[in-house]
Structure formats: C-alpha cells, structure tokens
Amino acid sequence: MSRRFDLPDIIPVFPLPGALLLPRARLPLHIFEPRYLAMLDDVLKTDTRLIGMIQPDKMAEKDGGTGLHRIGCAGRVTQFSETEDGRYMVTLYGLSRFRILEEIDGFSPYRRCKVNWDGFERDKAGTEHDAGFDRDAFLATLDRFFHLRGLDADWGSLKDADDELLVNSLSMLLDLAPEDKQALLEAPSLSTRRETLVTLIEFALRGGGTEDKLQ
C-alpha cells in the first residue's frame, strides 16, 4: 500500500458486530444490503476508497448517542467483484483507526461520520514488533484453546508469521464477543493487543464463554 493520500474528515461507516479490521490487515466482506451496495458504489468513485468499520454499541444508543463505539478502523477497498445477482465481494486493507466526532445528517441511505485520526499515528508508521513476545508460550496457550474448540491450525504458518501478522490475524479471526473485539481494536500497541488476546483466551480456557464479558 504505497499510495499516499490525505485521510478525509468525513467517511462512510459500516456497523457490523464482531467484524474487526486492524491496520495493515485485510478483511473480506460480502455486501448485499441495498444501503451498503449504494455505499460501495459511492466509495468506488472516491480517490481514497475508504470505509470505516465500526462496532455497534447498545449502551451508547440507550444514552441517546449514535449507537456506535467511538473508535473504529478505516480500510481501503483493494479488491472487489460483483456477482451475477448484484452482490459484492470486497476486501478492505486496514489503514488507520479513527475516533468518531459526530454523525453527519444527510440523504444517503448509509451512515457517515465526521472523524478524527489523531492519536493513531502508530497505525501509519509501518509494521509493529512486540519485543516482549514469548512465542512458544503464546502458541502453547493457543494450542489448548484450539483443542478446546475443536479447531485445526496450520502451525507451521503460525510459527513463521511475524508478530503483527500473527497477533492481528488471530484477533480478527477468533470467535470472540463483539466487546472483546472492541477491546482488541482499542489496544494502543501490538504488545497490549497481544496481552489482551492472551487474557481473553485464558478466560475462555477457565470456562468463560465467548458471550461472557471479561471482568
């Protein structure tokens, strides 16, 4: 992703529970709702091709807010294809997290928000490394989790993947509650994301379900 452009102040947002996008990661999406088909059509006409992935927040909705978490991650549409019945298969490449300032009223069928990119400079600074990462201990814990869930893994690829790819891919792919996904998104660094992920896995191993919140 060598192309450079200014991140816009207003972006379309796609609220999707449990769908996590992280910087420098890729998220496949299957878009079929008419409002999001319209969103994609509009996004593809822009230079940045940005979509902001965001988690719904029921508590914020009860308090009269947007019903969205304040922090999401914007991705650039890098691949898309249209099916014969008019649906889109899309891949987003994560560029940077953002903070919602306010929702923009308008006539579009999808939601748009004014956002701020400050505080997420690390997202645009290149691949992160985790100096304190004990990979052997991490993979041993992960092996126990996979065994508990009856999951298979390509352990060779997991052992060879760099720190960021390993931690971020697992954060996006593992079956965790939406609030847990949000905690992983908001982790300020790769090391804190890895620590959060380990805590969530160990919680599940102690008998906590994916629908339980971490206390």
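Is Glu128 buried or exposed? In this predicted model, where residues are numbered from 1 along each chain as its sequence is written, local features require pLDDT of at least 70, side-chain atom pairs count only at pLDDT 80 or more, and totals for chains, interfaces and linings use all residues. Side-chain values rest on heavy atoms, with hydrogens and water left out. Glu128 is buried, its relative accessible area being 11%; the term buried denotes under 20% relative accessible area, exposed over 50%, and partly exposed the range in between (1.4 Å probe, protein chains only).

The side chain of Glu128 meets that of Arg122 in a salt bridge, at 3.4 Å from N to O, the criterion being a side-chain nitrogen of Lys or Arg within 4 Å of a carboxyl oxygen of Asp or Glu. Arg122 is partly exposed, with a relative accessible area of 42%. The whole structure holds 8 salt bridges. Among them is the pair of Arg24 and Glu164, at 2.7 Å. Arg24 lies in the loop between strands E1 (10–15) and E2 (26–31) and Glu164 in helix H5 (residues 163–173), so this pair ties together parts that are 140 residues apart in sequence. Helices (H or I, at least four residues) and strands (E, at least two) are DSSP runs, numbered from the N terminus. In a further salt bridge, the closest N and O atoms of Asp123 and Arg97 are 2.9 Å apart. Asp123 is buried at 4%, and Arg97 is buried at 3%.

Strand E4 (residues 71–82) pairs with E3 in the antiparallel sense over 4 bridges, where pairing requires at least two bridges found by DSSP. Leu50 has Arg76 in E4 as its bridge partner. E4 is also joined to strand E5 (residues 88–104) by 11 bridges, again antiparallel, and Phe80 is partnered with Val90 in E5. E4 and E5 form a hairpin with 5 residues between them, and Gly86 in the turn has a positive phi of about 90°.

Gln55 is located in the loop between strand E3 (50–54) and helix H2 (58–62) and is buried, with a relative accessible area of 3%. A polar atom of the Gln55 side chain lies 3.1 Å from the backbone nitrogen of Gly18.

Ring pairs link Phe145, Phe146 and Trp155 into a cluster; rings of Phe, Tyr and Trp (its six-membered ring) pair if their centres lie within 6.5 Å, with planes under 30 degrees apart counted as stacked, over 60 as edge-to-face and the rest as tilted. Phe146 is buried at 7% relative accessibility, whereas Trp155 is partly exposed at 25%.

Key. A polar contact is a pair of N or O atoms within 3.5 Å; within protein, one must be able to donate a hydrogen and the other to accept it, and residues adjacent in sequence count only if both atoms are side-chain atoms.
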